[in-house]
Amino acid sequence: MRLPSATVLAASLCLAAPLHAQARSAAETAVRHAVSAWAGVRTVRASFEQTVTNTLVGSTANATGSYQQERPDRLAVTFQDPDGDRIVADGQWLWVYLPSSMPGRVTRQAEPANGSGTVDVTAQFLDRPLERYEIADAGPDTVSGRPAHAVVLTPKADGPREFSRAKVWIDDGDGYIRKFEVSQSNGVIRRVHLTSLAVNVPVNESAFHFVVPKGVRVVER
């Protein structure tokens, strides 16, 4: 028996609605899991691979490195490639030293009162996400052999302006973000894969102190 096309369309819409609701529920469940997991984190040691693509000019830059973090306001990023580049948040100042691209200078700016802000590697996605982002499901995936769930975050009208869209991969087991991709309105896309991650482990106190190299100019921002 052939059904009228209007009946088929209505049936399709009825089926799509609960499927969409299920996907949204799965995405929000993954995000809540990540928020809960991150709330218990005090220190982090991790290594990463990063790719920055500028879609407007067609350029791509790759980097690798490691970082240590002590929440809420201390972070130390050490790049192996390009070797010598560093980013340090010491609780008062954020130091950005990139001799590979800006030789002879280091920028320094005061950290916000509530901590290291966007230099907190993954917390930028976990600050009241259900209030600040439209959340869409991107389905199950695998990161470094671990089951994960991918979620797309789009800032709401009154949300953050650091990016126009972010895709994050949340570990099914521990709830930590293992990979993320951030798209900015200027055409820059930054992809970061955490190749190793250990939380609530000892960190090196000395890593959070930046000493200005001899002959390097400090630029205030």
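The legends below accompany an overview and several close-up views of a predicted model.

**View 1. Overview of the chain and its secondary-structure elements.** The chain has 2 helices and 12 strands, where helices (H or I, at least four residues) and strands (E, at least two) are DSSP runs numbered from the N terminus. From the N terminus on, the elements follow the order α-β-β-β-β-β-β-α-β-β-β-β-β-β. Of the 221 residues, 39% count as buried, a term that stands for under 20% relative accessible area with a 1.4 Å probe and protein chains only. Among contacts (heavy atoms within 4.5 Å) with a separation of 6 or more, 50% come from residues 24 or more positions apart. Residues are numbered from 1 along each chain as its sequence is written, and side-chain values use heavy atoms, with hydrogens and water left out. Because the model is predicted, local features need pLDDT of at least 70 and side-chain atom pairs count only at pLDDT 80 or more, whereas totals for chains, interfaces and linings use all residues.

**View 2. The edge-to-face pair of phenylalanine 48 and phenylalanine 79.** The structure holds 6 aromatic pairs; rings of Phe, Tyr and Trp (its six-membered ring) pair if their centres lie within 6.5 Å, and planes under 30 degrees apart count as stacked, over 60 as edge-to-face and the rest as tilted. The ring centres of phenylalanine 48 and phenylalanine 79 are 5.6 Å apart and their planes stand at 90°, so this pair is edge-to-face. Since phenylalanine 48 belongs to strand E1 (residues 43–54) and phenylalanine 79 to strand E3 (residues 74–81), the pair ties together parts that are 31 residues apart in sequence. Both phenylalanine 48 and phenylalanine 79 are buried.

**View 3. The stacked pair of tyrosine 133 and phenylalanine 163.** With ring centres 5.9 Å apart and planes at 20°, tyrosine 133 and phenylalanine 163 form a stacked pair. The pair links distant parts of the chain, 30 residues apart, with tyrosine 133 in strand E7 (residues 133–143) and phenylalanine 163 in the loop between strand E8 (146–155) and strand E9 (165–171). Tyrosine 133 is buried, at a relative accessible area of 2%, and phenylalanine 163 is buried as well, at 6%. Ring pairs join Phe125, Tyr133, Phe163 and Phe180 into a cluster.

**View 4. Charged side chains over the rings of tryptophan 93 and tryptophan 169.** A charge sits over a ring if NZ of Lys or CZ of Arg is within 6 Å of the ring centre and within 35 degrees of the ring normal. Arginine 108 lies over the face of tryptophan 93, 3.7 Å from the ring centre, while the charged end of lysine 179 sits over the ring of tryptophan 169, at 4.4 Å from its centre.

Definitions and conventions:
Buried means under 20% relative accessible area, exposed over 50%, partly exposed in between (1.4 Å probe, protein chains only).
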